[in-house]
Structures are given as structure tokens and as C-alpha cells.
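Subject: Structure for you to look at, with notes on its salt bridges

Dear colleague,

I am passing on a structure that I would like you to open alongside this message. Please look through it once on your own, and then read the notes that follow.

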Amino acid sequence: MLYLAQVQKKDILGEISLQLLACQNADETWAILPEQTVLIVPPNCNQNVLNEGMLVLADIGENRNILQVQTATNWVLELVEKYLTTGFTPDFFQQEANKSEECRQSLTLQSQELSRRSIELEARREQIQNLEAKLQQEKELLETKNQPSQLNFDAP
């Protein structure tokens, strides 16, 4: 797993350690580490190019062993080029988040309005069907009243 870390030197033993600051998630996003974690850099990791305070990218294995350390300079410059030179500021992202929330609320209101209208239409449809059935009954009743009764006038 890839971590952003800051190089620290310990004066007593001359060891170099890394304070882990953030880690890369599986979806390429990054998360700030809530706890302070410090790992000792093994001698096989180019310790001579690591200066105190330097930001590095560290590839760390499952057993918390440091596999590789490289300077984070190019990575930071890439971030600056991608996001900070094109106007993507924290304010911009906040405004976009606000716009998204407003759109979500608007869509929710529209959905509720459509549901309300659908219920009203269904109620009106039922009223119309009831009126049609009532009219049909009245029509049938009138037709039976208006039919001449067949009386048998042939008396013996």
C-alpha cells in the first residue's frame, strides 16, 4: 500500500524513520491517517537520499515493512499541475458540493410533486369510473322504465 510520509531522523541511534501521514485507498483516493504511525527505514532503502522533513511516498507491505521509498516531489508537482493550476480550489469543490445538494433537493421535491399528482390522477380516474358506472346503471334503469310493457290483451 502506498503512503505519504515525512522523513524523521533519530539522533541517538542515527536511525531514519517515516511518520506516515496519509494512505492511498483502493479507488485511488487518499485518506489522512488519524493516528500517528512511525516506521523505521531499513538500511536497504536508500537512506542517504532521505533528509529530515522530506515528504516521500513509501510502499509498505502487509507486515508494515517498508518495501520502497521515493521522493514525493514529482507526485506533489503533478497534484499542483492537475488541480491547483486549473482553478480547482477548496472553495470551488464546496460550491460544487452545494450545487449538487441543491440539485438533489430539487429532484426530491419534483419526485414528491410527481407522486402527489399521480395519486390525484388515480383518485380522479376512480371517480370517473364510478360516475361512468353510475351513469350506466341509470341508463339501464331508464331503458327498462321506457320499454312498453307487453300486456296480453287477448282475453278469451
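A residue is called buried when its relative accessible area is under 20%, exposed when that value is over 50%, and partly exposed when it lies in between. Please keep in mind that this is a predicted model.

A search of the whole structure finds six salt bridges, and I describe some of them here.

One of them joins Arg125 and Glu122, whose closest N and O atoms are 2.5 Å apart. These two residues are three positions apart in helix 2, which means that about one helical turn separates them. Arg125 has a relative accessibility of 40%, so it counts as partly exposed, and Glu122, at 35%, is partly exposed as well.

Glu113 takes part in a salt bridge with Arg116, where the closest N and O atoms are 2.3 Å apart, and also in one with Arg117, where the corresponding distance is 3.2 Å. Within helix 2, which covers residues 90-146, Glu113 and Arg116 are three residues apart and therefore separated by about one helical turn, while Glu113 and Arg117 are four residues apart, again about one helical turn.

As for accessibility, Glu113 is partly exposed at 29%, Arg116 is partly exposed at 38%, and Arg117 is partly exposed at 48%.

Finally, Glu113, Arg116 and Arg117 belong, together with Glu120, to a network linked by salt bridges.

Notes: Residues are numbered from 1 along each chain as its sequence is written. This is a predicted model: local features need pLDDT of at least 70, side-chain atom pairs count only at pLDDT 80 or more; totals for chains, interfaces and linings use all residues. Side-chain values use heavy atoms; hydrogens and water are left out. A salt bridge is a side-chain nitrogen of Lys or Arg within 4 Å of a carboxyl oxygen of Asp or Glu. Buried means under 20% relative accessible area, exposed over 50%, partly exposed in between (1.4 Å probe, protein chains only).
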